[in-house]
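The stops below go from one pair of residues to the next.

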Amino acid sequence: MRPLRAACVGTATALVTLLTCAPVATAATGTDSDPAKGRDRTFTLIGHLAQETHFPVNPGGAPAQGDRAVFRSILFDLDGNQVGETGGTCITTGVDNGGVEECTVTYKLPGGQLSSQGLLFGILNPGPPPSFDNGITGGTGDFDRARGMIHGDTIAPGTRRFTIDLDR
């Protein structure tokens, strides 16, 4: 999710990201361990970057509007169980003021998929990838008509924590 610079997603970026880090039998924050059950729920997942490819507009040159990153991450619950994966793309929309990317990320979870979209700011600044908040734009299966948001934080190189807050 980060043009011309290796980092960790998402989310993800992705959400993102996510993605580059960049966002699931799940680690639910409530008593229910299945993110596809119930309404208005929040759960946390850990994403480990599995694959990332950059497509720069200026190969070997400075970051530019239109740079693209494609990524995939494996998702784990807080107990370390693999529960899903993410896949997404981020496109650099600006390189001034630390840079900005627009990211579209899909989270494959037990029971269905969640789609997310949003901007990541500060992508060209030194250090770990910035935190982000992306909107949930829909889903499939148990997540049909899902809405809410996904917050992503880089917690280690190639690793992001995704807090998924569903409003349904």
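Start by selecting Arg 72, which is partly exposed because its relative accessible area is 31%; buried means under 20% relative accessible area, exposed over 50%, and partly exposed in between, with a 1.4 Å probe and protein chains only. The model is predicted: local features need pLDDT of at least 70, side-chain atom pairs count only at pLDDT 80 or more, and totals for chains, interfaces and linings use all residues. Residues are numbered from 1 along each chain as its sequence is written, and side-chain values use heavy atoms, with hydrogens and water left out.

**Stop 1: the partner of Arg 72**

The side chains of Arg 72 and Glu 85 form a salt bridge, 3.2 Å from N to O; the term stands for a side-chain nitrogen of Lys or Arg within 4 Å of a carboxyl oxygen of Asp or Glu. Arg 72 belongs to strand S3 (residues 68–76) and Glu 85 to strand S4, so the pair ties together parts that are 13 residues apart in sequence. Helices (H or I, at least four residues) and strands (E, at least two) are DSSP runs, numbered from the N terminus. Glu 85 is also partly exposed, at a relative accessible area of 28%.

**Stop 2: the other salt bridges**

How many salt bridges does a search of the whole structure find? The search gives three. Select Asp 144 and Arg 145, whose closest N and O atoms are 3.3 Å apart in a salt bridge. Arg 145 is exposed, at 68% relative accessibility, while Asp 144 is partly exposed at 38%.

Next select Asp 153 and Arg 161, where the side chains meet in a salt bridge at 3.7 Å, N to O. Asp 153 counts as buried, with 17% relative accessibility; Arg 161 is partly exposed, with a relative accessible area of 33%.

**Stop 3: the disulfide**

Select Cys 90 and Cys 103. These two form a disulfide with sulfur atoms 2.0 Å apart, where the cut-off is a pair of cysteine sulfur atoms within 2.5 Å. By this rule there is one disulfide. Cys 90 sits in strand S4 (residues 82–94) and Cys 103 in strand S5 (residues 100–109), 13 residues apart, and the pair links distant parts of the chain. The torsion about the S-S bond is about 115°, so the disulfide is right-handed. Are the two cysteines buried or exposed? Cys 90 is buried at 1% relative accessibility, and Cys 103 is buried at 0%.

**Stop 4: the nonpolar core**

Select Tyr 107, Leu 109, Leu 114, Ile 164 and Leu 166. These have the most contacts inside the largest nonpolar core, which has 21 residues. Such a core is a set of buried Ala, Val, Leu, Ile, Met, Phe, Trp, Tyr and Cys residues joined through side-chain atoms within 4.5 Å. Elements giving two or more residues to this core include strand S2 (41–55), strand S6 (112–121), strand S7 (132–139) and strand S9 (159–167). S5 supplies the largest share, four residues.

**Stop 5: the whole chain**

Clear the selection and colour by secondary structure. The protein has one helix and nine strands, in the order α-β-β-β-β-β-β-β-β-β along the sequence. Of the 168 residues, 48% are buried. Now switch to a surface view: the protein exposes about 7200 Å², with 50% supplied by carbon and sulfur atoms. Accessible areas come from the Shrake-Rupley method with a 1.4 Å probe, and for residues only the protein chains shown count as cover.
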